[in-house]
Amino acid sequence: MDTIFRLEQITKFYKDTNYLINVLEELDFSIKKADMIAITGKSGSGKSTLLHIMGLLDIPNSGKIFFNETEISAKDKNIEAFRNRNIGFVFQFHYLLADFTALENVALPLMIAGKSFSIAKKRANELLTELGMAGRINHFPNQLSGGEQQRVSIARAIINEPQLIIADEPTGNLDKNHADDILTILKKLNEEKLQTVVLATHDQEIAKSMKAHYHLDNNICKLLKIE
């Protein structure tokens, strides 16, 4: 199976007064198309930093990033358009626009990609209906439950049919039933639409249910595959 994403010798550190805090050090990691990968690690291990670098939201201090074997960087011209087309983000905190309805929140990335509001609205309606939100499309985020807001954020993440979905603790604020619903949706996208999913989680049971599980050990700044 072809590699969709590859990190090569990625190093990330932060400066704190007179010393450096190493988060990632010469990290190599690759992901195959249609993989569904969990990344675990204790708080502060660098999971979110890693996902932000993978999603081209953060810039490593050194190393290279390849998408479909083409080198890319968060510094590249028009990188925002590239992210919008190719990478979908699902966060623990939904980051929905408070003054936009569920439908408008989902339609926005497609409009940014150049589609008309009527086309974006139609597709957003279809996605929200598929995700069990047909009766809630005109509700604002503060009128939705946590699970419903996460469904909206998933619909927003996939409306441009990205090749890669990055989910950072997507079930962290949900009860078990809603968490199971979100995982079912992500697994369905992976299995039926062959979308690649990388998910960071503290939950070992969730990690075990993925196709592959990696642990980020910040003592050695490496990803270790868990068999």
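I take a salt bridge to be a side-chain nitrogen of Lys or Arg within 4 Å of a carboxyl oxygen of Asp or Glu. I note that the model is predicted: local features need pLDDT of at least 70, side-chain atom pairs count only at pLDDT 80 or more, and totals for chains, interfaces and linings use all residues. Residues are numbered from 1 along each chain as its sequence is written, and side-chain values use heavy atoms, with hydrogens and water left out.

**Entry 1: salt bridges**

I looked up the total and found 10 salt bridges in the structure. I then examined R6, which forms a salt bridge with E8, with the closest N and O atoms 2.8 Å apart. For exposure I use relative accessible area: buried is under 20%, exposed is over 50%, and partly exposed lies in between (1.4 Å probe, protein chains only). R6 is partly exposed at 22% relative accessibility, and E8 is partly exposed at 28%.

I next looked up R123, whose salt bridge with E130 has its closest N and O atoms 3.9 Å apart. R123 counts as buried at 17% relative accessibility, whereas E130 counts as exposed at 53%.

I also checked E205 and K208, a salt bridge with the closest N and O atoms 3.8 Å apart. I use helices (H or I, at least four residues) and strands (E, at least two) as DSSP runs, numbered from the N terminus. E205 and K208 are separated by about one helical turn, because they stand 3 residues apart in helix α7 (residues 204–208). Both E205 and K208 are exposed.

**Entry 2**

I count two strands as paired if DSSP finds at least two bridges between them.

Strand β4 (residues 62–67) is joined to β5 by 3 bridges, and the two run antiparallel. I65 has I72 in β5 as its bridge partner. Contact here means heavy atoms within 4.5 Å.

**Entry 2: strand β3**

I found 5 of the 5 residues of β3 (residues 36–40) to be buried. M36, A38 and T40 point one way from the strand, while I37 and I39 point the other way. β3 runs parallel to β8 (residues 196–200), with 4 bridges joining them; I37 stands opposite V198 in β8. Another 4 bridges join β3 to β9 (residues 212–217), again parallel, and I39 stands opposite Y214 in β9.

**Entry 3: T171**

I located T171 in the loop between β7 (164–168) and α6 (176–193). T171 is buried, with a relative accessible area of 10%. Apart from neighbours within four places in sequence, T171 is in contact with A179, I182, L183 and I206.
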